There are 2 protein chains.
Amino acid sequence: MPRYAIGLDYGTNSVRSLLVNAANGREVGTSVWNYEHGTEGVILSSDPNLARQHPADYLKGGEIVIKRALSQAKRKIRGFSPDQVIGIGVDTTGSTPLPVDEDGQPLAFKRQFARDPAAMARLWKDHTGVAEAEEITALAERLRPHYLAKCGGTYSSEWFFSKVLHCIRTSPKVFDAAYTWVEIADWIPAALTDTLDPDGLTVGVCAAGHKAMYNDAWGGYPDKRFLGRLHPKLAQLRDRLQDKAYNIEKAVGGLSKEWAKRTGLPEGIPVAVGAFDAHLGAVGAGIKPGTLVKIIGTSTCDMMVAPLGKDLPDIPGLCGIVPESILPRYYGLEAGQSAVGDIFNWFVNYVEPGGERMGSHEALTREAAKLKPGESGLLALDWNNGNRTILVDQRLTGMLLGQTLYTRPGEIYRALIEATAFGALTIINRFEEYGVKVGQVVNCGGIAEKNPLVMQIYADVTGRPMKISRSAQTPALGAAMAGAVVAGREAGGYPGFSAAQKAMSGLKAKVYTPDRKAQGVYAELYALYSQLHDAFGTEKWEGKLFNVMKDLLAIRGKVRK
Amino acid sequence: MPRYAIGLDYGTNSVRSLLVNAANGREVGTSVWNYEHGTEGVILSSDPNLARQHPADYLKGGEIVIKRALSQAKRKIRGFSPDQVIGIGVDTTGSTPLPVDEDGQPLAFKRQFARDPAAMARLWKDHTGVAEAEEITALAERLRPHYLAKCGGTYSSEWFFSKVLHCIRTSPKVFDAAYTWVEIADWIPAALTDTLDPDGLTVGVCAAGHKAMYNDAWGGYPDKRFLGRLHPKLAQLRDRLQDKAYNIEKAVGGLSKEWAKRTGLPEGIPVAVGAFDAHLGAVGAGIKPGTLVKIIGTSTCDMMVAPLGKDLPDIPGLCGIVPESILPRYYGLEAGQSAVGDIFNWFVNYVEPGGERMGSHEALTREAAKLKPGESGLLALDWNNGNRTILVDQRLTGMLLGQTLYTRPGEIYRALIEATAFGALTIINRFEEYGVKVGQVVNCGGIAEKNPLVMQIYADVTGRPMKISRSAQTPALGAAMAGAVVAGREAGGYPGFSAAQKAMSGLKAKVYTPDRKAQGVYAELYALYSQLHDAFGTEKWEGKLFNVMKDLLAIRGKVRK
């Protein structure tokens, strides 16, 4: 009798369920539910930096998508029963911390906070804590440089302590009403297993390690004295954070009676420790040593793993190097580009809104595909949303160079694609410069699946074959794998991720291989890209142009006031 | 009884007549005729560098527009008679040289050459002689650096000898069939006055000085030995060029019997020495010492004059410093931007073709006008068509920097306007650095008249009031003034240009004055513009980025082959 596992993938606008056959990863049921609160699930305000979510959406959405996936399977598979489901995994966006009370219940569920954005989950892309991030970075540079060394040298406004500190500073009522703060990657599995008690919470090392400076090497979360220097209340909070964070091999607990009733799933089936979408996406794409998994969406995550035992140097510019954040017994290495699909969307939707015929992604891709590498004379920097890796600098902006009076939109579109490819190569080079060999590249996400031109340009620019993950839903698949692993071999699951990946994940047959001639031209263009990259992004040339983008932003800030 | 003068303005696509009252410059008749040959008057080929004109258009068009202007005046002014016209002036594009036979007749009028582009007039924007221009520049750098010092340090592919040498190299049959080459600025007045004999031709110092390295200081045109080093046939041609070139105070001759018959004008009225449109445009706009006249169209010409007696240094980067090329007894100083309106047109027509509602000049100007200086965070370089002044470098390209995912077309449009304003300021600064004080700025051309936002930005960026010429047709008006001056005081004209300008030209009441706050922000932005300008356009910083645009063009050239 076949066994099944469920992956729940909590995204920015919706939650998705994926019910797969544990033997081979075949998808037998899936459903997406759009969050009800805010604008497409995101609570906004006049402050463009603010992006929040209401936690009620997580519970309502989880129940709906599980039930729908089960119904689908019942219709599709003769004799299917929810009793054949052996485990659940959960992936979420992050860092998305949520203030909760002594019982682990979100403040947002209380009447007095039900409409207060400060009491909501602070979505990954909430940048209200920019000043706090700078403060944390500055203090850590002075007192705890080793904290920063594991997260690329800069603590981001998107991360846990920036957000919590911002709440202390700007919404003290909310902060004081909260007992502690929980990442939704931890809170959702706890809710499913009725283990919400904040003092006994099981937290994942993915969120803690990548976003909250957790590391066993220095005793877990940042020390109380350091946090106290930022704010006394942060030191108090430290006492309520867990001592230990776990990898995804561990079960948070068994599905609660209530959730068994709500969904029809068997009570007690294990729910794995939660992790971020990109990390479980990498698992779902078959990540292993030597494999770079690129998750290409509006932005990218570039993930690798390296064996724990081996001495791994700090790699400057990486978003994080966290033991077991992706796979147990491996370092999880996370890099990324701040905008990829978002840049193409920006150009199509706002700059070149020529409509279906000439201004759609399809039409522009068609025009771009007619060009040879180097033919447009254009070169762009892919920094419209800053640079995450390797410069770790939000105060960088986009650039287009080489335009003449004859430059056409298809040429610009191609230059933007090429710019993101150059950015991708810069990340690969950084991994390899520090001894993390990139043996193969596996791509996931809509752009990887739907745009052959992008993949071919990536192959030509990087000089490496571009492979595509077989599943279109790698985060949810990775989460389902975690469900199968925590279920264990005896229940019909797996003893570990290596076995689970071998059985449940795979690659598409189509591989994009580099064209030698294009590769040669791109090598020349990449040398020029690197010149611009270093001129505007580093202080290499005595900082000759390092100030330009930053000064423009400073002037803009001053003028807008 | 009032007296009238006619200005004939030979443009790229059409010829215009302007019949004005000599007493006050009031326009009493005007007409435009589009050339019949080629595409909108320009003969093109598969080579994008090629742009030619058929000289038959000059004669047919001249006759038509004169007759129409006279008819208009007859309908408009009671008792008007063509006999009241006292003189004619001619302005043309240039350098636009034309191969002619022993009688001064264009080879294009002969059957065997009637359809041969090589026998046509080589329009100013014909760039087929790029290689020859580089050759001439290189040789002059070694042997005759003083030739280059007067034309900005680089001999352009748009100029006389580049075009003639290119013909020697690529169309020897045409070259050998020609007796000599004549600028159309000289040929048209000669045709009107039946003084076409090449050995007795009256040539203007404007074309000769700005485009053919003519200077009385070294005996007129370049010496035979220098030309011989380029090609022996160029040395032969030297013998057929005139010894002396004249300013516009001189009459080429009287209107011929034939042309009097063709047009109805009185036989024998004087026709002034021809000059380029920008130069006579400056005259029509009231140029005098301390007044910068900006003729803003697809590109700009920035014209000044300085008294001949005073010692004037060579000003690096100016297109030309030529005695009497604009006004008699003054140096004519010519600078310019390679693209201004063309950049706006490029963006509207090709990059942001959102249609009337959102993608027209009007709609984008509306959006751009809502922004404060510095608010977009954008900065552009106005080099989509290279940089004429002060870098004199065709191998420069455009650049846009500072874009985010929120950048909108109106912001880009404003950044492009600002970039051209920064380019304009760079020219003003160059004049002043070399002691040519800019006391006032007078603008001409459609953009100056129709786009208050552009003019306000120019005022704010340069920190100077922007004034607008009263006449919308300054080149034709300046030509008519030349007609009135060569007619002389006794005929109802003027003894010189100062008197003619005082009577016939003027400014509009509307003056755009700098806003102090905007000026402050633009000073900061201009400092950043200058950083980019020097980084990409000069070798100032050990040429750190000087190669980028040039390398991109080189790669493009290689790839396109």
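This report walks through the aromatic pairs, the domains of chain A and the interface of chains A and B in a predicted model.

Residues are numbered from 1 along each chain as its sequence is written, and chains are lettered from A in the order in which they are written. Local features need pLDDT of at least 70 and side-chain atom pairs count only at pLDDT 80 or more, while totals for chains, interfaces and linings use all residues, and side-chain values use heavy atoms, with hydrogens and water left out.

**Aromatic rings**

Let us start with the rings. A pair of aromatic rings is described by the distance of the centres and the angle of the planes. Here, rings of Phe, Tyr and Trp (its six-membered ring) pair if their centres lie within 6.5 Å; planes under 30 degrees apart count as stacked, over 60 as edge-to-face and the rest as tilted. Over all chains, the structure holds 35 aromatic pairs. One of them joins B:Trp33 and B:Tyr35, whose planes stand at 70° with the centres 6.5 Å apart, so this pair is edge-to-face. Are these two residues buried or exposed? B:Trp33 is buried, with a relative accessible area of 9%, and B:Tyr35 is buried at 5% (buried means under 20% relative accessible area, exposed over 50%, partly exposed in between, with a 1.4 Å probe and protein chains only).

B:Phe347 and B:Tyr413 make a tilted pair, 6.5 Å centre to centre and with 35° between the planes. B:Phe347 lies in helix H12 (residues 341-351) of chain B and B:Tyr413 in helix H15 (residues 409-433) of chain B, so the pair ties together parts that are 66 residues apart in sequence. Helices here are DSSP runs (H or I, at least four residues), numbered from the N terminus. Both B:Phe347 and B:Tyr413 are buried.

In chain A, one aromatic cluster is formed by A:Tyr10, A:Trp33, A:Tyr35 and A:Tyr58. Charges also sit over rings in this chain, as the table shows; the rule asks for NZ of Lys or CZ of Arg within 6 Å of the ring centre and within 35 degrees of the ring normal.

| Charged residue | Ring | Distance from ring centre |
|---|---|---|
| A:Lys250 | A:Tyr246 | 4.6 Å |
| A:Arg262 | A:Trp259 | 4.2 Å |

**Two domains in chain A**

Chain A is divided into domain 1 (4-278 + 475-508) and domain 2 (286-470 + 515-561), with bounds from an automatic or database domain assignment. Their centres, taken over C-alpha atoms, are separated by 28 Å. In contact (heavy atoms within 4.5 Å) are 28 residues of domain 1 of chain A and 30 residues of domain 2 of chain A. Between these domains about 2,400 Å² is buried, with carbon and sulfur atoms giving 51%; buried area is the accessible area (1.4 Å probe) that two parts lose on being put together, summed over both. A:His210, A:Leu507 and A:Lys508 supply 25% of what domain 1 of chain A buries against domain 2 of chain A, more than any other three residues.

How many salt bridges are there between domain 1 of chain A and domain 2 of chain A? The count is three, where a salt bridge is a side-chain nitrogen of Lys or Arg within 4 Å of a carboxyl oxygen of Asp or Glu. A:Lys150 also forms a salt bridge, with A:Asp314, the closest N and O atoms being 2.8 Å apart.

**Where the chains meet**

Chain A and chain B each bring 56 residues to their contact. The area buried between them is about 4,800 Å², and carbon and sulfur atoms give 66% of this. On the chain A side, A:Trp346, A:Leu405 and A:Leu552 lose the most area to chain B, together 14% of what that side buries. Two salt bridges are found across this interface. A:Lys558 and B:Glu524 meet through their side chains in a salt bridge of 2.4 Å, N to O.

Key
Helix = DSSP H or I, 4+ residues; strand = E, 2+ residues; numbered from the N terminus.
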